[in-house]
Structure formats: C-alpha cells, structure tokens
Amino acid sequence: MEENKKILITGASGFIGGYLVDEALEKGYEVWAGVRKNSSKENFQDKPVHFIDLRYDDREALIRQIRETVELSGKWDYVIHNAGLTKTLNKQDFYKVNAEYTRHLIEALIAADCTPEKFVLMSSLSCFGPVREKSLQPICADDKPQPNTIYGKSKLAAEQFLQQQNHFPYIILRPTGVYGPKDKDYLVELQSINKGFDLKAGFKPQMLTFIYVRDLARAAMLAVENKTVRNKAYFVADGDVHTDAEFSKLVQQILGRKRVLNVRIPVWLTYCACLVSELAGKISGKPQTLNTDKFQILKQRNWMCETVSIWEDLGFSANYNLEEGLYETIHFNKKMGWL
C-alpha cells in the first residue's frame, strides 16, 4: 500500500462494515468511517478511525460536507460504499437508502471534484433473483437480472446508476450469503438448531453458497488496490455449494447436537409465517428478520454463482470454507452467550 492513502468506508458500524474497517486498518490505511450519529461506536474503541456522518438525504448538503472535509483533511483515495438497508418496516425505504442515497454519494463525489481512484460498491447476489431455477446452474454475470425482492431491486438500481458513470472508476461486488461473528441473521437459524428444531421452506432442496465475512473484507480490499481492473462486477462466494440440509447438518455437528427435529414446511405456510412476523414487526416497531420480502429469498432454490472471474481478475480465493467459518462463528456466539 502507498503511504498515507485515505479510505472512506460507509456503513462502518454494521456487521460487514466493522470487518472492512479492520481490514483497512491492518493494511495501514487512514480510515474514515461513515457512521450515523445514533449508531454505536463501541467496536471502534482504541482504533485510529476518523468518523463522519454523511448527509445522504440532502444531495447539496452532502456536496458541501464533502468539500469542507476535503479542504480540512484532504480527499479520500478510495471509497467502499457498504452502507445499506437489509430490513425495514417501510419497503420503499429500500429504494431510498440503497439506490437514492448511493446516487447522491456518487454525484456528490463528482460535484465536489473528489472522484476516488476506486469506488467499490457492496451489492448483493439478490439483485439477480431467481435465475436458472430449473437448470440449477451457477448464475453468471451476463445473465439477465430478475430480482423478485424490493431489496434486490433497490440494489440493482444502485448498480445500474453506477454502471452509467463511464468516467467514474468502480468495482461492484455481489456477495452471496455473508456470515460470521456478530451476524444476527444466520444467528436466528443457529439458535433454532441449538434448541433442537430445524425448519426449512419448501420440499425441494435449496442450493446455497456462502462467503465468510473476513474473506469478503479481503475481497473488497483486493478490489480497491487493483490498479488495472475497473468498471466491472463480480460475485463473491467461497466456491463451494451446499444444500440447505447439508448446511443444517454441519451446524448440528459443530454445536454437538445429537438430536434435531428437521421439518420441511410447504412454501405457502412459510409465506404465512413471514407475513405474521412482518405484522408483529409493525406492531412492535422493530423490523423482523422474517418478512414477506425475505420470503422470496427463502423460496428461491438456486443461490449458486460463478467465482472464476474474481479469481482471474483480482486473485481472490476464500481462505475459509463453510466448516471453518461456522466453527469460528459458533465459537464466538457461545462466548457471547447467544447460543
């Protein structure tokens, strides 16, 4: 890494964001963490990080904010835009946060004459939707995206805007299922299996792919530091494929659970459960992991994706397979008292 390089990482207080910050600090970058004022900074104690609360909701204010920051501290050499919404009570907020705020940030960087050497957008495999569901072949970058979730559509809208910026150097990363210590979504399933119950949606197996969060953070830094590759998009996965039953069995083995009741429930009943959970979230005012948007993800059978391109272009291959990553994740969750 070149000396005194500055990097802005948005969504730094989130699950993935914390690992991105750690990876950048380990590589010696001057890290600016995009963190909302009401977000916890507990994970950043004793870390040499600069904080900034970006005004995504007001494009003109954001331009002024970036200009003032640059005048005082210099421009960011790189930006990893990781900020985003994965669950919400109001589904239109997906578009506001994931698409509109991304557009505002890109436009503000350009208007403030602060175009970075590389802008990495953390997108999602969900922006492709149920592709190759019958053939069960890996999803490829040249497949036509057909997202069936509001979340996936909002991520695709962000990608499409970025891809229109011909003179703006970017890389788009589309991770598959991201898991690891501090993740709360997969924790729900781990807790269920630990209690002796494993419920799966649909009678046909899901073909699943995963990426351990530390590997994803490393992939993002490879995208940042590559001097020749730009304006391309990549899927990020560890290269292996597991059925939903294989995933559950592996979790069961690591947890040391000898008896687990495995039940497959009809897709329509899964939808009912997601609907009830979503209504409960609206009553309590807290977004739930299970909701009608998440139902489409549970319903989708094919989550395979090609990983050759990111290896050939960026030299990325995963250091963790699923068993190794789950072992670390479960050990951490037990230490925290969550399992």
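Q: Is Ser 248 buried or exposed?
A: A residue is called buried when its relative accessible area is under 20%. In this predicted model, Ser 248 has a relative accessible area of 3%, so it is buried. Ser 248 belongs to helix α7, residues 244–255.

Q: Which residues is Ser 248 in contact with, leaving aside its neighbours within four places in sequence?
A: Those residues are Glu 189, Ile 193, Asp 198 and Lys 200.

Q: How should I read the helix α1?
A: Begin with the general idea. An α-helix has 3.6 residues a turn, so residues three or four places apart point the same way. Helix α1 covers residues 15–26, and its 12 residues reach 18 Å from first C-alpha to last, close to the expected 16 Å. Because 9 of the 12 residues are buried, α1 is largely enclosed by the rest of the structure. Among the buried residues are Ile 16, Tyr 19, Leu 20 and Glu 23. After α1 comes Gly 28, with a positive phi near 90 degrees.

Q: Which residues touch the most other members of the largest nonpolar core?
A: A nonpolar core is a set of buried nonpolar-type residues joined through side-chain atoms within 4.5 Å. The largest one here has 37 residues, and Ile 7, Val 31, Ile 80 and Leu 173 touch the most other members. Helix α6, residues 213–225, gives this core its largest share, 8 residues. A second, separate core has 27 residues, including Ile 63, Leu 105, Ala 108 and Tyr 170.

Q: What does Ile 7 touch, not counting residues up to four places away in sequence?
A: Its contacts include Ala 24, Val 31, Trp 76, Ile 80 and Met 221. Of these, Ala 24 is one of the buried residues in α1.

Technical notes
Residues are numbered from 1 along each chain as its sequence is written. This is a predicted model: local features need pLDDT of at least 70, side-chain atom pairs count only at pLDDT 80 or more; totals for chains, interfaces and linings use all residues. Side-chain values use heavy atoms; hydrogens and water are left out. Helices (H or I, at least four residues) and strands (E, at least two) are DSSP runs, numbered from the N terminus. Buried means under 20% relative accessible area, exposed over 50%, partly exposed in between (1.4 Å probe, protein chains only). Contact means heavy atoms within 4.5 Å. The expected span of a helix is 1.5 Å times one less than its number of residues.
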